[in-house]
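Here's a quick tour for anyone meeting this structure for the first time. Have a look at it, then read on.

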Amino acid sequence: MMEYSVIIPAAGQGKRMKAGKNKQFLTIEGQPLIVHTVAIFANDPVCKQIVVVASPSDLADMEDLLDKWRLKSDKVTIALGGAERQDSVYSGLKKLATPTTVILVHDGARPFVTRKDIYKLTETAYENGAAVLGVPVKDTIKTVSDGMIQQTLDRNTLWAIQTPQAFHYDMLVKAYEEANNTSFYGTDDASLVERLGSRIHITEGSYDNIKITTPEDIPVAKAILNKRKEEQKNEDRTWI
Ligand SMILES: Nc1ccn([C@@H]2O[C@H](COP(=O)(O)OP(=O)(O)OP(=O)(O)O)[C@@H](O)[C@H]2O)c(=O)n1
Ligand SMILES: C[C@](O)(CO)[C@H](O)COP(=O)(O)O
């Protein structure tokens, strides 16, 4: 298994969740959202460094939470986030203690990525420089302007892009510096790397790797967790 480090941006406000607080602190089946996410990497022996990015107003709560859930260790650091996701990731990148061959960026709001997919992605990035997880879109996607359909896009070429996104460390630093110098803002990390002309591989992930964004996502998240618990029980039974 290839070693990697990960930056986990969790410094948003969760405005679309309308919870009155950062959605990272919402409890899903007894555990805060950010705890679900950080635990995936904290429990992975191949993950060497974790930088959780928190907003300055959440810093004390984030520290308390990681402490309470025994997620604090030598490999976990907290960085301070900025106004946009991109500012937060850049801050995390600068906080890494030691450069690493492959660095992953993973949304704090995506608690369901599996170790199998992380390894598949990391391996692809090691070999090729850059890779992102994604799934083929299931809907028909059209461009719309002024309430009118402009175009129907060819679905065979459309993928919904998720995180983690994995890059050779030098490539990601260069992309972030270039974006910073030119005040370019993208909605994901790969879009910054694309501007350098680098080729980015897609690793097919899972439709369960949702980003918890709006209130409708909470019951879906609970259903995914319960499905996983059932699968685990069935696996355990086969060992008895
Ligand atoms: N300034 C920001 C904005 C977002 N994020 C993080 O980036 C991830 C993806 O962002 P999103 O789901 O959009 O989260 P929010 O920005 O919190 O949500 P909203 O846009 O609804 O406010 C989240 O884990 C979020 O905490 C961040 O670290 N810093
Ligand atoms: C990075 C991302 O999760 C890929 O799907 C997404 O682009 C984040 O977007 P958001 O605007 O922060 O929701």
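## The overall fold

The protein chain has 7 helices and 11 strands, which are DSSP runs (H or I of at least four residues for helices, E of at least two for strands) numbered from the N terminus. Its radius of gyration is 18 Å, close to the 18 Å that the globule rule gives for 240 residues, so the chain is as compact as a globular protein of that length. That radius is taken over C-alpha atoms, and the rule is 2.2 Å times the number of residues to the power 0.38.

This is a predicted model: local features need pLDDT of at least 70 and side-chain atom pairs count only at pLDDT 80 or more, while totals for chains, interfaces and linings use all residues. Residues are numbered from 1 along each chain as its sequence is written, and chains are lettered from A and ligands numbered from 1 in the order in which they are written.

## A helix tucked inside

Helix α1 (residues 33-42) is largely enclosed by the rest of the structure, because 9 of its 10 residues are buried. Buried means that 20 or more other C-beta atoms, placed from the backbone, lie within 10 Å of a residue's own. Among the buried ones are Leu33, His36 and Phe41.

## Around ligand 2

Arg85, Asp107, Ile161, Gln162, Thr163, Thr187, Asp188 and Lys211 sit around ligand 2, each with its C-beta atom, placed from the backbone, within 6 Å of it. Strand β10 (residues 159-168) gives the most to this shell, with 3 residues.

How values were computed. A residue is buried if 20 or more other C-beta atoms lie within 10 Å of its own, exposed if 12 or fewer, and partly exposed in between; C-beta atoms are placed from the backbone.
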